[in-house]
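Dear colleague,

I am passing on the structure below, together with some notes on what was found in it. Please read them with the model open beside you.

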Amino acid sequence: MSESQTQSQTDTTSADDAALGEYRSTLPGVLGGIDNTIARIEAVLLAVGVLLMAANTIANVVGRFIFQNSLFFSEELNRILIIMITFAGISYAARHGRHIRMSAIYDAMPPRLRKVMMIVITLVTAVFMFGLCWYAFNYIMTQAGRGRVLPSLQIPVWITLVWVPVGFFMTGMQYLLTAIKNILEKDIFLSTAVLEGYDEDEMEV
């Protein structure tokens, strides 16, 4: 095996190990603390959401086919968990640079111009995410004023939607931190932890 192949394999293994371990932000000071806090919130929401959905679905199947009695709240609970997983997931995807990229023009630019474009793209995306967070918050306030409740769980509808502005806010913060990361560093970053590239050459740091 050549030296370059060995180095490539080592880099891949290191990136995989970092992905499996606890996330540690490379941003300085308070920014790193914010980044780490958001990462922990994402991890908790995704882990709890997936585990509860699996447990709820299994329990419902067991109840239906063994005890001939389904869980009356199963569908509503899964709906709440899907919302939570979805909007925690968009922040997680932004952190790991996994959102869809339309980059034909961007890829044709020289590195210096690509860096400027990445800062602009992440800042504009952050503004849109914060805007959606604001609209989602206002929508929740409207729902709270109506006083509607879920038929089975008998909890207010607005509580089930809390994850929407939370997810948009975390995603906006992630893009804002990515812009700051690109301003501070000489390399081009897709997120605070992922260098520019594609599946075969991008690197998580």
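How many residues has α3, and how far does α3 reach from its first C-alpha to its last? The helix α3 has 22 residues and reaches 31 Å, close to the 32 Å expected at 1.5 Å a residue, where the expected span is 1.5 Å times one less than the number of residues. Helices here are DSSP runs of H or I with at least four residues, numbered from the N terminus.

Please note that this is a predicted model, in which local features need pLDDT of at least 70 and side-chain atom pairs count only at pLDDT 80 or more, while totals for chains, interfaces and linings use all residues. Residues are numbered from 1 along each chain as its sequence is written, and side-chain values use heavy atoms, with hydrogens and water left out.

The axes of α3 and α7 (residues 163–184), which are lines fitted to C-alpha atoms over the stretch in contact, come within 8 Å and cross at roughly 5°. That makes the two helices roughly parallel, a term for angles under 35 degrees between N-to-C directions, on a scale from 0 to 180 degrees. Their contact (heavy atoms within 4.5 Å) involves residues including I83, F87 and R95 of α3 and W163, F168 and Y175 of α7.

Just after α3, G97 takes a positive phi of about 60°. Phi is also positive, near 60°, in Q154, a residue other than glycine, and Q154 is placed in the loop between α5 and α6 (157–160).

With kind regards

Technical notes. Angles under 35 degrees count as roughly parallel, over 145 as roughly antiparallel, 65 to 115 as roughly perpendicular and the rest as oblique.
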